[in-house]
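This report goes through a protein model by its helices, its sheet and its nonpolar cores. Please keep the sequence and the structure in view while reading.

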Amino acid sequence: MTAIKHALQRDIFTPNDERLLSIVNVCKAGKKKRNCFLCATVTTERPVQVNVVKVKKSDKGDFYKRQTAWALRDLAVVDAKDAVKESPEFDLHFDKVYKWVASSTVEKNTFISCIWKLNQRYLRKKIDFINVSSQLLEESVPSGENQSVAGGDEEAVDEYQELNAREEQDIEIMMEGCEYAIANAEAFAEKLSRELQVLDGANIQSIMASEKQVNILMKLLDEALKEVDQIELKLSSYEEMLQSVKEQMDQISESNHLIHLSNTNNVKLLSEIEFLVNHMDLAKGHIKALQEGDLTSSRGIEACTNAADALLQCMNVALRPGHDMLHAVKQQQQRFSDLREQFARRLASHLNSVFVQQGHDQSSTLAQHSAELTLPNHHPFHRDLLRYAKLMEWLKNTDYGKYEGLTKNYMDYLSRLYEREIKDFFEVAKIKMTGTTREGKKFATLPRKESAVKQETESLHGSSGKLTGSTSSLNKLSVQSSGNRRSQSSSLLDMGNMSASDLDVADRTKFDKIFEQVLSELEPLCLAEQDFISKFFKLQQHQSTSGTAMNEVEEMDGVALSRSHTSGVPQTVSSEKDMIRQMMTKIFRCIEPELNNLIALGDKIDSFNSLYMLVKMSHHVWTAQNVDPASFLSTTLGNVLVTVKRNFDKCISNQMKQMDEVKISKKSKVGILPFVAEFEEFAALAESIFKNAERRGDLDKAYIKLIRAVFDSVEKVANESQKTPRDVVMMENFHHIFATLSRLKISCLEAEKKEAKQKYTDHLQSYVIYSLGQPLEKLNHFFEGVEARVAQGIREEEVSYQLAFNKQELRKVIKEYPGKEVKKGLDNLYKKVDKHLCEEENLLQVVWHSMQDEFIRQYKHFEGLIARCYPGSGITMEFTIQDILDYCSSIAQSH
């Protein structure tokens with residue numbers, strides 16, 4: 001170990017100006033790795049730095065390298081694991097816990113002892129040594145005042161004393177005299193000893209020479225003491241003379257102090273009197289205004305407001321300690337309280353009278369709006385009441401009980417007034433929507449339907465084949481489901497009037513305008529009332545007052561108001577928004593049920609009205625939320641919007657349900673199915689309504705549901721059709737759907753548009769192939785046999801040598817299909833196709849052109865087989881491709 005220690009000192013620590021004091025061979029606990037060394041070192045330069053260094057043998061050679069170093073001041077705990085039983089394990093707690101196992105217990109104890117000594121000498125910090133034998137620590141503490149680190153190296157540190165500057169200079173001078181060449185150390189030491197003796201002798205002589213000077217100094221000190229005694233005698237006489245003067249001055253000072261104290265008290269008393277007079281004196285004009293002021297004129301209201309503010313300032317003045325004990329102050333406070341109570345009672349009574357009077361004036365104008373879709377304007381009422389806003393604030397701060405009573409009376413009266421106005425307003429809206437008067441008679445301007453409300457059951461639960469829509473739409477669709485849609489639609493025209501569809505659009509547009517007017521009238525009414533409540537009742541800010549009295553919360557008709565039992569002002573009240581919203585809920589409690597009733601009526605009249613209502617209501621909710629998301633208007637419209645959305649979803653569900661229940665006539669061709677036409681009507685209507693709407697996402701979801709239901713229902717009807725081939729039903733209806741989606745350009749239905757086009761194309765091709773079949777049947781059978789021989793391995797040019805497929809057989813078959821017979825067959829085919837297809841979709845020419853192309857393809861196929869299997873025979877068909885084109889064109893023109 002000594003050799004390793006010497007090598008580490010030489011190779012690692014000496015280049016870093018460090019000295020190695022202790023070393024221990026360790027490895028990490030719980031891991032089988034190569035051993036390393038923990039070294040305790042100190043720096044040779046001052047201030048001394050003490051470190052614990054981890055040294056590890058290099059992987060590339062036999063030399064050691066410095067791996068990790070920790071400063072001893074960062075060491076918190078040294079854990080020896082067991083103070084009694086010998087164990088090589090120990091822990092060092094730096095930034096984290098490092099667990100080590102020493103190669104021997106002796107090395108561990110020596111290392112821990114060295115750490116303890118270094119801590120005592122250099123750091124003096126509280127490093128916890130736990131589970132360490134007390135004997136180990138006691139052995140390392142030597143007797144005496146100065147404690148040192150054991151070991152040869154540390155003893156050298158204790159014996160060494162650093163030279164000061166003077167000593168260094170003297171040694172340098174002495175070394176220069178020897179020219180730094182000291183060959184004989186003993187001779188040099190003897191020389192130094194002789195010089196030291198010479199210096200000691202010189203010091204003794206110097207001390208003896210200074211004895212005379214000491215005697216002279218002592219004589220001078222004796223003379224100085226005598227002079228001091230004389231000065232003390234003179235000072236004593238002076239002190240006796242000044243004693244009488246001091247007594248006289250004390251008497252004068254005491255007299256001045258009493259005079260100053262009296263003046264100070266007089267000034268303070270005057271200040272207190274001025275404070276009370278200035279702050280607790282109410283002018284006679286203010287007292288008269290509070291007792292007799294006119295609360296009906298603007299000038300009187302202003303005078304009362306100023307007087308009330310002055311009274312409040314006098315009552316709220318911050319009295320100094322002791323003022324409340326003065327009889328005059330108590331009398332003045334009682335006078336102020338009486339004035340406050342008297343004026344508060346007079347003000348509350350007057351405002352209640354104003355509420356009643358304004359209500360009568362408002363009710364007198366209510367009849368003017370009974371036949372119009374407008375709500376009465378409350379602005380004059382609000383304007384008159386706002387003159388009392390400052391007085392209401394004063395009442396709120398001084399007598400919260402009366403303020404609370406006025407608030408309750410205002411809400412009770414206004415709720416009844418608004419309830420009458422709003423119910424009459426909604427009654428007019430319902431009359432305009434249904435086209436009936438108050439006695440139930442129809443307006444002459446609405447010749448369509450007998451009564452939308454009476455037909456509610458039929459509209460919502462019609463017979464199979466109908467879709468939920470307007471009443472006229474249902475009647476129209478029920479007629480269409482039994483026969484030709486175009487011919488039946490034309491029968492709905494009545495004496496030159498508008499068609500049923502036009503009437504539907506007109507009624508829906510009228511409903512949209514009425515519904516928008518209802519919302520447009522309600523919105524400014526609610527906003528104006530909310531603004532008035534905020535200003536009149538002074539609810540702009542949170543209220544909070546000091547006090548220790550307990551509060552109680554009363555439920556005043558659903559509105560929570562706080563009342564204090566001591567000061568008359570609530571200690572805590574709800575925030576402005578909550579208070580205003582609660583008051584608005586009380587005043588306008590009838591708006592939400594009336595809106596829901598109006599929405600239900602609109603949905604009964606025409607379920608498509610839910611589209612208009614969803615867009616309008618969403619827009620108004622969005623506008624209200626931008627103004628104040630937590631306001632009464634925003635909350636109420638949001639609740640109603642939920643109902644509208646449910647009606648919209650119900651409309652979509654009813655349409656999907658009636659698609660499943662649709663039935664077609666077994667005796668007439670299908671044509672365009674009613675729900676396909678209805679989807680076109682719905683999509684066109686919805687696109688016009690939802691243009692730039694906030695709830696476009698709801699419509700897109702409805703589109704997806706409806707179009708899938710339409711696709712499924714078309715498939716179902718096509719499979720059940722008996723009169724019209726399945727391919728025709730699929731082809732015509734999916735062509736109609738594709739045309740509708742292409743025209744409307746609905747982005748969320750792009751995939752469905754492509755699917756509709758694909759289905760139309762597939763069923764068109766299927767119908768063409770199925771209907772055309774094999775117009776040259778025998779020729780088809782002949783060439784099928786030819787292709788079968790070729791498939792069996794016979795070369796194409798050798799097929800003509802087969803007995804059943806020689807040239808004579810081919811000519812015989814071709815003669816059976818002259819041009820006249822071919823044209824006749826095509827004419828019959830055209831008539832057959834014409835019977836299958838409907839006129840509305842106008843696909844006859846498209847189908848006929850596809851059949852022509854398919855026939856020409858078969859013709860070219862036959863010609864190709866003749867050319868390959870019968871080369872040089874000169875055999876050709878009795879008609880040409882041009883003949884086919886002429887036949888098809890002629891047949892199409894003739895029909």
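## Helix α22

What span should the 16 residues of helix α22 have at 1.5 Å a residue, and how far apart are its end C-alpha atoms? In this predicted model, helix α22, which covers residues 674-689, should span 22 Å, and its end C-alpha atoms are 22 Å apart, which agrees with that expectation.

With buried taken as under 20% relative accessible area, 13 of the 16 residues of α22 are buried, so the helix is largely enclosed by the rest of the structure.

An open sheet is formed by 8 strands in the order β4-β3-β2-β1-β7-β6-β5-β8, with mixed pairing. Its edge strands, each of which pairs on one side only, are β4 (64-71) and β8 (128-130), and the twist from one strand to the next averages 30°. Strand β3 (residues 50-57) runs antiparallel to β4 and is joined to β4 by 7 bridges; Val52, for instance, has Trp70 in β4 as its bridge partner.

Two helices lie across strands of this sheet. Helix α1 (residues 2-13) lies across β1 (18-28), β2 (36-43), β3 and β4, and runs at about 115° to β1. Helix α2 (residues 105-123), running at about 140° to β1, lies across β1, β2, β3, β5 (77-79), β6 (89-93), β7 (97-102) and β8.

## Nonpolar cores

The largest nonpolar core has 176 residues, and those with the most contacts inside it are Tyr410, Val518, Ile533, Phe690, Leu779 and Val847. Helix α13 (residues 400-434) gives the most to this core, contributing 15 residues. Because domain 2 (682-773) and domain 3 (794-894) both give residues to this core, it lies between them.

Leaving aside its neighbours within four places in sequence, Leu779 is in contact with Leu810, Val813, Ile814, Tyr817, Phe862 and Met877.

## Ile856 in helix α29

Is Ile856 buried or exposed? Ile856, which is found in helix α29 (residues 844-869), has a relative accessible area of 10% and is therefore buried.

When neighbours within four places in sequence are left aside, Ile856 is in contact with Ile881, Ile884 and Leu885.

Key. Residues numbered from 1 in each chain as written. Predicted model: local features only at pLDDT ≥ 70, side-chain atom pairs only at ≥ 80, totals over all residues. Heavy atoms only, no water. Helix = DSSP H or I, 4+ residues; strand = E, 2+ residues; numbered from the N terminus. Expected span 1.5 Å × (residues − 1). Buried < 20%, exposed > 50% of the residue type's maximum accessible area, 1.4 Å probe, protein only. Pairing = 2+ DSSP bridges. Axes fitted to C-alpha atoms, helices over the stretch in contact; angles between N-to-C directions. Contact = heavy atoms within 4.5 Å. Core = buried A, V, L, I, M, F, W, Y, C linked by side-chain atoms within 4.5 Å. Domains from an automatic or database assignment.
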